[in-house]
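Me: Could you walk me through this model, one feature after another? I'd like to learn how to read each one.

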Amino acid sequence: MAIQKASAIVLKTQPFRSSSLIVTFFTKEFGKLRGLAKGVKQEREIRGADFELFNGLEIVFYEKMRSDLHLVSETAITATYEALRSRLEALTYASYFSELTDQLTEVHDPHPKIFGLLDFCFRYLASLPGPRLARLFEIKLLSEIGWLPYLDRCLNCEKTGLEKGYFSSRQGALFCEACRAVYPDAQFLAAEPLAVMRYYIKHDLEPSIKLGMAKATETALEAFMTRFFNERLIHPLKTRRFLAQVSSAF
Ligand SMILES: [Zn+2]
C-alpha cells in the first residue's frame, strides 16, 4: 500500500458499519476517488465534520492496489464554502454539480480542470444564480470528458457559419436547415443560446461567468441541457428532478 496525498472535494458520503463512512471525493491529482474513513462517527466533533458535503480537504490515504476503496488516514479542511450553505438554491445546485460529476467521471481518471471547476462554482454559488452557473458547469464538464455537443458546423454537410440551426440530442450535433429533415429529433436552436454555448466552450471560467444573457436564453439553454442529458444518462439524476420541482420556489 502506497501512501498518497491529495487535494479533494467531498462529493458524497454514505455510512459504513456503525462508525465509518465511505466518502466519494473528487481530487485534483487522481480524479474521483472513494475512501473509507474509519471510526469518524464516534469522534464526530473531531473528524466527522471534515467530511461534510462539498468541503475542500487535504487528504492522506493508503492506496489499495486491489480495490478502488482506499483508506483515508488524515484530513485537514481547506475550504468549507460556508456562504453556499446558507441558501437552499445554492445547496441544491452544489448537490447537482456533485451528482453530475460523480455520474460522468471514472475513478482514478485525473481531471484537474474538473477539480478547479467544482471549486470555482462552489465559490460563486454564494453570489450568482444557480441556473447561470449550472449551464457553465455543464458545458465545461462535458468539454473535459469529451462529451461536448458538436456546435461548430452542420455535422451532415459541414456547412460553416451557422448562427442558428437544428440540434439533434441523439446525434449530439448541430444541423443546418437543409439537413434537418434527416434527423427528425432535431429541434430549433436559436442564435442566442448557440452563441452562449460557443462562448463558454471557447473562453475560461472568469470571462464566461461575466457574460450576460436574456431570461429567454437561460430558459432555452436549460431545456437544451435537459434534452441532452436525458438522451445520455441511463439513470435520471435525482438532483435534476428535485431542481425541476423546487426551482419555482427559489
Ligand atoms: Zn447541413
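Predicted model: local features only at pLDDT ≥ 70, side-chain atom pairs only at ≥ 80, totals over all residues.

Me: Let's start with β1 and β2: how many bridges join them, and do they run parallel or antiparallel?

Reply: Strands of a sheet pair through backbone hydrogen bonds, either parallel or antiparallel. Here β1 and β2 run antiparallel and are joined by eight bridges. Two strands pair if DSSP finds at least two bridges between them. Strands (E, at least two residues) and helices (H or I, at least four) are DSSP runs, numbered from the N terminus. Numbering starts from 1 along each chain as its sequence is written.

Me: Which strands make up the barrel, and in what order?

Reply: Five strands close into it, in the order β1-β2-β3-β5-β4, with mixed pairing. On average, neighbouring strands there are turned by 50° against each other, direction ignored. For angles like this, axes are lines fitted to C-alpha atoms (for helices over the stretch in contact), and the angles run from 0 to 180 degrees between N-to-C directions.

Me: What packs on that sheet?

Reply: α1 does, touching β1, β2 and β3, and its direction makes about 115° with that of β1. Contact between two residues is a C-beta criterion: those atoms, placed from the backbone, lie within 7 Å. α2 lies across β1, β2 and β4 (56-63), running at about 105° to β2.

Me: How do I read a helix pair such as α1 and α2?

Reply: Two packed helices are described by the angle between their axes and the distance between the axes. The axes of α1 and α2 (residues 112-124) come within 10 Å and cross at roughly 170°. That is why α1 and α2 count as roughly antiparallel; the scale is under 35 degrees for roughly parallel, over 145 for roughly antiparallel, 65 to 115 for roughly perpendicular, and oblique for the rest. Ala 94, Phe 97 and Thr 101 in α1 meet Ile 114, Leu 118, Cys 121 and Phe 122 in α2. By class, this contact has six nonpolar, one polar and no charged residues. Ala, Val, Leu, Ile, Met, Phe, Trp, Tyr, Cys and Pro count as nonpolar, Asp, Glu, Lys and Arg as charged, and the others, Gly among them, as polar.

Me: And at what angle do α2 and α3 pack?

Reply: About 175°, with the axes 10 Å apart, so α2 and α3 are roughly antiparallel too. Their contact has seven nonpolar, no polar and three charged residues.

Me: Is Leu 88 buried or exposed?

Reply: Leu 88, in helix α1 (residues 88-104), is exposed because 12 other C-beta atoms lie within 10 Å. The cut-offs are 20 or more for buried, 12 or fewer for exposed, and partly exposed in between, with C-beta atoms placed from the backbone.

Me: What is the order of the open sheet of three strands?

Reply: β7-β6-β8, with antiparallel pairing. β7 (173-175) and β8 (187-189) stand at the edges with a single partner strand each, so one side of each is left without a neighbour in the sheet. Three bridges join β6 (residues 165-168) to β8, and Tyr 166 stands opposite Phe 188 in β8.
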